[in-house]
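Trainee: I'd like a close look at just one part of this model, please. Pick one stretch and walk me through how it is built and what it touches.

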Amino acid sequence: MALKKFVLYNILIFIGFCHSSYSQESNPFEHLSKEERIKLADKYHDLSQTVYQTSEMHRIYKDSALLAVPNHVNYMQRASYSYKKSGEHIKAMEMLNKAVAIDTTNGSTAALEYKAWSMLYFYRDYESTIKDVNKVIEISKIPYKGCHGESCLLLKAQAYYQLGEYKKAIETFDYLFTILKEQGVNPKDDFLANFYLARSYFKLNDLDKSLFYLEEQLSMPYSVKAELNFYAARIYVLKNDKEKAKQHFLKSKELYLQNDKMNEPYIERFDEIFMNDIENELDKLKN
Amino acid sequence: MIKTLVLFLSLFSATFCWAQTKPETDLYVAGYRNEDFNTAYLEFARKQHDYIYFIDHNNKYHTMANRNFEKDTLGIKTKLIITDNKISLYYTSDEDKQDYHYFRVENAEFTIDQVRELKGKRYTAELDKVAMIPNRDLKIQREIYFLDSSNVEITHTYTLNNTVLYTEKEIKNITVHSMDNKVFFSFYDGELSLNNRWYQLTNLQKDKFSFLHYAETKKIIDVYSLNSNKNAEINTSNFKMCLDSRPYEYYNFDPDISYTHGNNSLLKLLIKDAPTTKGNGFITIHFAINCDGKVGRFGLEQMDTKYQSASYDPKLIKHLIQEISKITEWNLPEKIQTDTHRFLMFKVTNGKITEVWP
């Protein structure tokens with residue numbers, strides 16, 4: 001009988017030990033107050049900023065911050081950057097979708113705005129971009145909302161452009177310009193919107209309208225000139241004006257070499273041009 | 001029955017206590033420097049009383065007192081963190097910061113004579129990823145062929161669903177070092193230097209052995225099994241990384257390191273004669289571009305349109321990897337000395353590749 005008790009006692013100790021190890025593993029910060037956990041999450045987040053963003057160290061610090069405050073939307077979203085930037089997209093999207101779900105449940109759209117931007121440029125998922133932008137506007141009730149540094153409507157219009165729905169792209173750009181005017185902003189100052197508006201007209205074979213917007217942007221101080229000249233030259237080719245086409249291609253080449261071209265970190269913009277494209281077009285003109 | 005159980009428990013406790021009381025070595029091996037970059041570092045450290053002795057590959061040593069220094073005469077702050085199994089040393093000055101990490105060596109004793117048995121044999125280990133290039137779906141095997149006492153041939157084979165997609169090969173120098181009856185290997189190009197890495201031999205049997213090293217804060221044990229036949233090879237490329245360190249990301253340069261002629265030209269190049277697959281989703285192919293602009297060290301992640309794990313025809317993946325491996329036109333900065341991690345993401349629409357980015 002005593003022997004049985006001894007064995008039972010040993011088994012209970014073993015289970016107790018395992019349980020306490022498991023509990024510690026499940027969340028070592030359980031005993032801390034809410035304020036202490038927030039402070040700790042901030043500290044881990046700050047530490048993560050001191051190491052390379054795609055490194056394991058960065059991820060350990062970020063995971064620790066989320067262990068302290070598991071529903072911290074901003075830290076969750078920012079933890080996804082490490083995976084997205086290194087192309088580990090399953091994990092990146094798992095974290096980002098979770099951040100969006102928590103954020104939108106709380107009536108906020110910050111994470112969704114970032115997702116819409118990512119969907120367009122990092123995932124080329126145009127349907128999701130449109131869906132996310134619509135949801136951002138629906139939740140926030142603000143038609144002119146920013147999505148991670150760019151207008152959400154600009155993202156939506158580019159998504160339509162990439163889907164080949166050029167009329168919808170033009171409608172979205174026009175709507176964006178109407179809102180900009182209401183806010184006292186000159187729509188011509190939005191280079192990207194005007195550039196893709198011109199490209200949408202080009203795709204619909206409305207060469208004159210396309211050329212109008214390209215040339216209008218060529219006169220603006222902060223536009224990107226190599227691409228504008230290149231696509232203007234292509235229109236002159238179609239209009240059989242080889243001389244003007246050549247002038248614009250050569251100007252495009254000159255500006256390209258001066259780096260007055262689209263140049264975005266992380267991604268290549270839609271319809272961004274490269275030296276090979278210009279050389280090929282100039283070669284075609286020779287024939 | 002209960003008596004047997006008690007006997008078993010007693011034996012278990014005795015073994016456990018013996019393991020606990022076995023004297024631990026005071027020898028530490030460098031895991032890496034710059035913890036987030038996992039840069040190879042070839043050194044040993046010995047902790048004795050109030051001092052730490054650092055021993056390089058030429059058996060030269062220097063010592064430091066086992067304590068922190070606020071600032072020395074050169075303005076360098078030294079912070080030492082010693083735990084049961086790790087010594088971390090942080091040097092911080094106004095201009096720079098460096099950190100070095102040493103791990104207590106395993107109590108696995110061998111002689112150099114035992115190691116000689118490896119000569120002329122091929123061994124293969126399976127790795128999750130290689131050169132810190134992200135990988136989720138490829139099966140990656142590293143084969144070490146011990147050519148003689150000073151050279152090995154290392155082959156990496158990338159396989160998907162039993163289809164060999166690609167192999168790459170390199171010849172490396174090898175050195176074997178014994179310390180306190182523990183055996184360490186290092187594989188290197190040119191001269192052995194501080195920028196190489198020690199791999200501790202932790203198991204050696206007739207048909208297998210294990211190497212232990214440290215990377216990205218983790219202890220990594222690679223188990224190599226004897227290969228009686230040479231692994232299947234396909235389109236073998238000669239490829240070497242320039243540094244044994246985390247490669248920089250492509251966007252750490254200005255401009256980003258990318259294909260010189262842009263994504264549209266790249267798409268035309270890569271989809272020419274490409275096999276089709278089934279479904280819709282994304283394929284991400286990871287790779288390194290070494291300091292000479294050559295491509296190698298692949299990884300793969302396949303996703304569906306819901307960003308969940310998916311699977312596409314290995315023939316298509318094989319085509320993409322082989323075509324990517326041929327690309328030489330990267331806009332690398334002049335005199336670049338580091339390797340770069342780059343990835344290409346492909347959109348699959350109705351079984352066809354329709355876009356490539358970033």
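Mentor: Let's look at domain 1 of chain B, starting with the chain around it. First, a bit of housekeeping: this is a predicted model, so local features need pLDDT of at least 70 and side-chain atom pairs count only at pLDDT 80 or more, while totals for chains, interfaces and linings use all residues. Residues are numbered from 1 along each chain as its sequence is written, and chains are lettered from A and ligands numbered from 1 in the order in which they are written.

Chain B has four helices and 21 strands (DSSP runs numbered from the N terminus: H or I of at least four residues for helices, E of at least two for strands). Its C-alpha trace spans about 70 × 65 × 45 Å along the principal axes. Of the 358 residues in chain B, 33% are buried, meaning that 20 or more other C-beta atoms, placed from the backbone, lie within 10 Å of the residue's own. Chain B splits into domain 1 (27-104), domain 2 (112-238) and domain 3 (248-357); those bounds come from an automatic or database domain assignment.

Now the sheet. Seven strands of chain B form an open sheet with antiparallel pairing, in the order S4-S3-S2-S1-S7-S6-S5 (two strands pair if DSSP finds at least two bridges between them). At the edges sit strand S4 (61-65) and strand S5 (77-82) of chain B, each pairing on one side only. Ignoring direction, neighbouring strands of this sheet are turned by 25 degrees against each other on average, using axes that are lines fitted to C-alpha atoms.

Zoom in on one pair: strand S6 (residues 86-92) and strand S7 (residues 97-104) of chain B run antiparallel and are joined by seven bridges. For example, Tyr90(B) has Asp99(B) in S7(B) as its bridge partner.

What does domain 1 touch? In chain B, 15 residues of domain 1 are in contact with 18 residues of domain 2 (contact means C-beta atoms, placed from the backbone, within 7 Å). On the domain 1 side, strand S1 (27-33) and strand S2 (43-48) of chain B each supply at least two residues, and S1(B) gives the most, with five. That side of domain 1 of chain B has nine nonpolar, three polar and three charged residues; here Ala, Val, Leu, Ile, Met, Phe, Trp, Tyr, Cys and Pro count as nonpolar, Asp, Glu, Lys and Arg as charged, and the others, Gly among them, as polar. As for spacing, the C-alpha centres of domain 1 and domain 2 of chain B lie 27 Å apart.

Definitions and conventions. Contact = placed C-beta atoms within 7 Å. Buried ≥ 20, exposed ≤ 12 C-beta atoms within 10 Å, placed from the backbone. Axes fitted to C-alpha atoms, helices over the stretch in contact; angles between N-to-C directions.
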